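These are my notebook entries on a structure that is new to me. I set down what I looked up, one topic at a time.

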Amino acid sequence: MLKQTRLGNSGRQVTAIGLGAMPLSLTDRPNEHDAICVIRAFIEHGGNFIDTANVYCRDDREVGHNERLINKALKDLHDKHRIIIATKGGLRRPRGGWEVDANPHWLRLSCEQSLKDLGQDSIFLYQLHAPDPEVPLTDSVGELSRLRQEGKIRHVGLSNVTVEEIETAMNVVPITSVQNRCNILQRKPFTNGVVEFCHQNEISFIAHSPVGGHFDHGKLASNRILNRLGNAHQATSYQVALAWLLACGDHILPIPGASKITSITSSMNAMNIELAKNELEVLNRL
Ligand SMILES: NC(=O)c1ccc[n+]([C@@H]2O[C@H](COP(=O)([O-])OP(=O)(O)OC[C@H]3O[C@@H](n4cnc5c(N)ncnc54)[C@H](OP(=O)(O)O)[C@@H]3O)[C@@H](O)[C@H]2O)c1
């Protein structure tokens, strides 16, 4: 049985490592057949939590690409109901750029389109992709609360937020998860209190870019200390970095991205690595 974690206050358990599906839809994505094989490999290995967003695509002409891909990958699976999909709204992709738009009207349109693209009646976890400096956070989250009351979404998550923003949102609607950039080389959520706040408040902390990010993961691959500890466990530096995140808290849910089957199956094996106390001390100082 793979290591499980409780998904915030949702009452559901998910595998302690999820799949970040973004690389399957950006410019350098694999072809559709190979992308579906990556999602299926994750599920065949026992994974059941997939992170996506309406804007995981090349530009705003194909918004929903990643969600439609996941829908296709799950279509004929007999046990697809055990898979939890977490999607997001609140960005746009004009000319391939990334722009925040957490206007309530756009959030509603995005959510309703995501329901169609995912082929679901209700989205289990809907995350605000990022707060919008032009829109009061209470207005954005207020719309998510209404979507929840209408049954279009079951649980609300936030992304790219501070402790203060989580507190503001919690006054409007219960928050199940917070998703921020977090990996062994970029530890801001530990130093700014977000990881601890989530722990105190029964909120899952979803670590995005957990092996360094779409463009920067090479830094992990070439890290001397990670490689040395990896050798001791017959593991890669990526696996050590993921095992370290898991060891930092039971509520931490890393979602490594993958465009290759080997990347996600290797990441999942990180759930079997137990780092010793002295190894954790070395990694904490890295
Ligand atoms: N909320 C947000 O604002 C936000 C922002 C960024 C990302 N995210 C989410 O977080 C997920 C992860 O972030 P990310 O994809 O940017 O970066 P990442 O997880 O740090 O991974 C980047 C790349 O590292 C490679 N990799 C991952 N695990 C590996 C392993 N065990 N062994 C070898 N290579 C491995 C993969 O390469 P290959 O492609 O070659 O397989 C992957 O595409 C995204 O997919 C997305 O769902 C959210």
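**Entry 1: two packed helices.** I began with H1 and H2, which are roughly perpendicular to each other. I worked from a predicted model. Helix H1 spans residues 32-44 and helix H2 spans residues 65-74. I found that they pack at an angle of about 65°, with their axes 9 Å apart. Angles of 65 to 115 degrees count as roughly perpendicular, and therefore H1 and H2 receive that description. I also noted that H1 passes H2 in a right-handed crossing.

I then looked up which residues make this contact. H1 contributes Glu32, Ala35, Ile36, Ile39 and Arg40, while H2 contributes Leu69, Ile70, Lys72 and Ala73. By class, I recorded six nonpolar, no polar and three charged residues in the contact of H1 with H2.

**Entry 2: the ligand.** How many residues surround the ligand? I recorded 28, of which the closest are Gly20, Met22, Gly257, Ser259 and Ser263. H10 and H11 each supply at least two residues of this shell. The largest share, three residues, comes from H11. I sorted the shell by class as nine nonpolar, 17 polar and two charged residues.

Note on methods
Residues are numbered from 1 along each chain as its sequence is written. This is a predicted model: local features need pLDDT of at least 70, side-chain atom pairs count only at pLDDT 80 or more; totals for chains, interfaces and linings use all residues. A residue is near a molecule or strand if its C-beta atom, placed from the backbone, lies within 6 Å of it. Helices (H or I, at least four residues) and strands (E, at least two) are DSSP runs, numbered from the N terminus. Ala, Val, Leu, Ile, Met, Phe, Trp, Tyr, Cys and Pro count as nonpolar, Asp, Glu, Lys and Arg as charged, and the others, Gly among them, as polar. Axes are lines fitted to C-alpha atoms, for helices over the stretch in contact, and angles run from 0 to 180 degrees between N-to-C directions. Angles under 35 degrees count as roughly parallel, over 145 as roughly antiparallel, 65 to 115 as roughly perpendicular and the rest as oblique. A crossing is left-handed if the near helix is turned anticlockwise from the far one by less than a right angle, and right-handed if clockwise. Two residues are in contact if their C-beta atoms, placed from the backbone, lie within 7 Å.
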